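Reader: I'd like to go through this one with you and ask what stands behind each label. Shall we look at it together?

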Amino acid sequence: MAALKQNPSITQQALHNQTGITMGTIKRILPILQEKGVLIREGNRRSGNWKVIK
């Protein structure tokens, strides 16, 4: 979450490189966090930003 707060436009690949979390885990967890209302993706897939709610 700290990585998303520091860099809201971070890509999944950059998130993987920065945290060491596998790409599969990132791709699985980000939608779950969106469903729970913890994260919101603003903008489109290419040039959007993450917004951490909680």
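Author: Let's start with confidence: this is a predicted model, and the chain averages a pLDDT of 93, with 100% of the residues scoring at least 70. pLDDT is the predictor's confidence in each residue, from 0 to 100. As for the ground rules, residues are numbered from 1 along each chain as its sequence is written, and side-chain values use heavy atoms, with hydrogens and water left out. Local features need pLDDT of at least 70 and side-chain atom pairs count only at pLDDT 80 or more, while totals for chains, interfaces and linings use all residues.

Reader: Which elements have the lowest and the highest mean pLDDT?

Author: Helix H1 (residues 2–6) has the lowest, 91, and helix H3 (residues 23–35) the highest, 96.

Reader: Why is Arg46 called exposed?

Author: Exposed means over 50% relative accessible area, buried under 20%, and partly exposed in between (1.4 Å probe, protein chains only). Arg46 has 81%, so it counts as exposed. You'll find Arg46 in the loop between strand S1 (39–42) and strand S2 (49–52). Across the chain, 20% of the 54 residues count as buried.

Reader: How do you know what Val52 is in contact with, leaving aside its neighbours within four places in sequence?

Author: Contact means heavy atoms within 4.5 Å. On that basis Val52, in strand S2, is in contact with Met1, Leu4, Lys5, Val38 and Leu39, those neighbours aside.

Reader: And how much do residues 24 or more positions apart account for?

Author: They make up 31% of the contacts in the chain with a separation of 6 or more.

Note on methods
Helices (H or I, at least four residues) and strands (E, at least two) are DSSP runs, numbered from the N terminus.
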